[in-house]
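Here is a short briefing on one protein chain. Look at the sequence and the 3D view before reading the points below.

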Amino acid sequence: MLIVIVVFLIVVVIGLVFYNLNIHNKIQTYKNISKKVNNLSVVQDFMSTIGETSAVDEKIKKINNILIEKYEIKYSTIVVFNGAEYEIKASNVDERHWQALKSLQDVDMFKDSITQATPKYVTVNNDQERLPYQQMEFGRAKSAIFFPLYIDNVYIGYWIIESGTPHDFDNVDTTVLEVIKDNIVSVLKTVVHQKTLEAIVRKDLFSGLYSEEYLYGEGRKIIDQYTTSTICMFKITNLEEINHKCSRELGNEVIIKLSEYIKENISDQYVFVRYMGPKFVIAFSGVEISGVAEYINDLKEKIENTKIQLEEDEEMGAFPRLNFTLSTYYKGTGLEEILKKQEEYLDNCDIDESDITNI
């Protein structure tokens, strides 16, 4: 009888062991799924941020804030080399420590990390010690992980996370952090094109208008405040003729006077740029084509019936001839595709066409 009871107890114990193992595996599976869901959520937040119309630097700051919130990171700093110097793109560390944080590439312990493209973990053993790269501070950070950042095998800066607790990252899942780092690189790679556009925006000498690139940066911010807008591209179809038959000075005067007149007669919420050569763009933010048509008709009639002359030679003058295209733009869609179609139409239609065409 005793043997039976012992055997029964052994079976029960074995059963409980397997049951506990099963529960443990399920908990681990749940944790893994939870991590994956959280990582996916972070990636989605990253992508949403990239798609926003804010400036590049604002996007990077928002991404850093997402990391801090989602992964409960005490301190997070993203540093990028801009071609001339290292600059902090985002950080929740007090600015008085930024000089040290943007000079980590000169610290010996991080030089190998940069060369080998591998993360570097540093920590102290007690609150009386400080991390080697800290110059003035003692109590803020007691452990840190340094991640060098590369785009297409080219070193572009680093991401460093810090904690105020010694050995706080001893058991951290570095694979998750590597995924986060890769996402940071993806974001930086994506927004670098926007940064280029922001940097090359210029004002045209004669018209005083911003160039085409303005539309894809600051201009889009204004346009995308509304769900739908009307994009108007027009061409001075006889500008080349004026340059050749009269003079280039008169052609320049046509551009100046035309631009001044339109600027004085449109709302500040509309975006007006010199697109290229004789082509201009007006983005009527938040207005449908039906609400623009009458204004364009009046504008076209007024300009084409105004003789533009040079002050020093009043005998020489010209009447601009304009050809217009109108298209509807929906927030979040390809503005450049609309402009490309309008440009193709204006460049390929009959040179004598002077009309208002919906595309």
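The side chains of Thr 357 and Tyr 345 make a polar contact at 3.4 Å (a pair of N or O atoms within 3.5 Å; within protein, one must be able to donate a hydrogen and the other to accept it, and residues adjacent in sequence count only if both atoms are side-chain atoms). The model is predicted: local features need pLDDT of at least 70, side-chain atom pairs count only at pLDDT 80 or more, and totals for chains, interfaces and linings use all residues. Residues are numbered from 1 along each chain as its sequence is written, and side-chain values use heavy atoms, with hydrogens and water left out.

**Thr 357**
- Thr 357 lies in strand β12 (strands are DSSP runs of E, at least two residues; helices are runs of H or I, at least four; both are numbered from the N terminus).
- Thr 357 has 17% relative accessibility, so it counts as buried (under 20% relative accessible area; exposed is over 50%, partly exposed in between, with a 1.4 Å probe and protein chains only).
- Leaving aside neighbours within four places in sequence, Thr 357 is in contact with Phe 324, Thr 325, Leu 326 and Tyr 345 (contact means heavy atoms within 4.5 Å).

**Helix α9**
- The buried residues of α9 include Ile 289, Val 292 and Ile 296.
- The buried residues of α9 pack against β6, α8, β8, β11 and β12.

**The open sheet**
- Five strands form an open sheet in the order β2-β1-β5-β4-β3, with antiparallel pairing (two strands pair if DSSP finds at least two bridges between them).
- β2 and β3 stand at the edges with a single partner strand each, so one side of each has no neighbour in the sheet.
- β3 pairs with β4 over four bridges, and Val 122 stands opposite Ala 144 in β4.
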